[in-house]
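User: I'm new to this structure and would like a close look at one part of it. Could you walk me through the metal site and what lies around it?

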Amino acid sequence: MRKTLRAVLAAVALCGMALAANAPAPDFKLEKLGEGVWAAIGSDSGKAGANAGFVVGEDGVAVIDTFEDPGAAKDLLAEIRKITPLPIRFVVNTHYHLDHVNGNDVFAAAGATILAQRNVRAWMRTENLKWWGDKIKPEVKARVESLQLPDVVYDQGVDLYLGSRKIEVRSYPGHTGGDSIVYVQDAGVVFCGDLFWNRHIPNLIDATTKAWIPTLDTLVGYGAGKFVPGHGEPGTALDMKAFQQYLMDLRAEVAHAQSAGTREDALVQAVLPQMQAKYDSWGYFKEFAKSNIQQTAEELAGTKRRPQPAESATSATPTVPYLPLKVRLGEKAPDFSLPATDGSMVRLSAFQGHPVLLDIYEGFW
Ligand SMILES: [Zn+2]
């Protein structure tokens, strides 16, 4: 399966790079979702590789994602220029996957500041190599390793202002561990990136479906009229719920097969017909259905590999002593002292003359 995914991505990326110079027409369609709010919808097999979008405010433009190919990004910039002469002030990368970031350099050259969740910057030039594995061509490797990185990173989110127009960027878990949505409240539009695939089977290579399912409830809770997916047409809350149901069905079917003692290929063969019966008509079924089953089996078994999160500012090495202290929930600790993991007692107020930071802070005293 990984081979299929790689082949699809590689074909799209390389064709796109080769054809970029004389692309005849944009490989995406623009859809106006509100005043100054546009979705750029890529086709399943086109060089754009994913959806993007942009928001025009009073004093500039914010772009959401930059496609899988710089040529498509140039086309997007040209389409924006037909709509407004205002500067491209911001680009938000919804996550690190190549189909959402490979046109970053086009917008950086146009003067945009690129923003993303902290892990996007950490993973963009490394984790994107895995689509090709060992057989990666030198020019593709060089391209991935020189992708335009975000200039600004955040942990939870950030608010952007285009004049008085407010755009909320918020990070949620599920798809990669570094995904963000872009909420344009005054238009009732949420750009979901790949946290939403509308009538399309998702890429779960980095996913945690357990976290993703409640994230979708949170996103539906925005109460927006339009949700723009990373792949597929813009949808409604009902489409979001249909996608959530897919993830729930997948987990339930895989768990059922695992509890019957099925493993690996036999598990895929047991689950695939159940998923096919319900989701055969969804885009990317052939590309991703089997790997979705394998990867969900790994997730449920606790063996799934995930990219390592970047160290955030709040988890940086403390400058005061850092002691792993274990305190039992509900247990009243002795005055001014706590038991350390080696069994000794540590005075909180004066350990070797320094204040002490707690590692585990459960319970109350
Ligand atoms: Zn994508």
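Analyst: Let's start with the metal site, then go on to the core and a few strands.

A quick word on the basis: this is a predicted model, where local features need pLDDT of at least 70, side-chain atom pairs count only at pLDDT 80 or more, and totals for chains, interfaces and linings use all residues. Residues are numbered from 1 along each chain as its sequence is written, and side-chain values use heavy atoms, with hydrogens and water left out.

The zinc ion has D99 (OD), H100 (NE2), D194 (OD) and H231 (NE2) as its protein donors, at 2.0 to 2.2 Å. Donors here are N, O and S atoms within 2.8 Å of the metal (3.2 Å for Na, K and Ca); water is not among the atoms, so sites may look incomplete. Along the chain, the donors are spaced as D-H-x93-D-x36-H. D194 sits in the loop between β11 (189–191) and α6, while H231 sits in the loop between β12 (226–228) and α7, 37 residues apart, so this pair links distant parts of the chain. Helices (H or I, at least four residues) and strands (E, at least two) are DSSP runs, numbered from the N terminus. D194 and H231 are both buried, meaning under 20% relative accessible area, with exposed over 50% and partly exposed in between (1.4 Å probe, protein chains only).

As for geometry, the angles among the four donor atoms run from 87 to 156°, and the site is irregular.

W212 is, with I181 and I293, one of the residues with the most contacts inside the largest nonpolar core, which has 38 residues. Such a core is a set of buried Ala, Val, Leu, Ile, Met, Phe, Trp, Tyr and Cys residues joined through side-chain atoms within 4.5 Å. At least two of its residues come from each of β10 (179–184), α6 (209–220), α7 (237–259), α8 (264–279) and α9 (285–301). Helix α7 gives the largest share, seven residues.

Apart from this core lies another one of 21 residues, with F54 among them. F54 is in strand β3, opposite W38, and W38 is one of the six residues of β2 (37–42), each of them buried.

Key
Four donors count as tetrahedral if all angles lie between 85 and 135 degrees; four count as square planar and six as octahedral if opposite donors are over 155 degrees apart and all others between 65 and 115; anything else is irregular. Two strands pair if DSSP finds at least two bridges between them.
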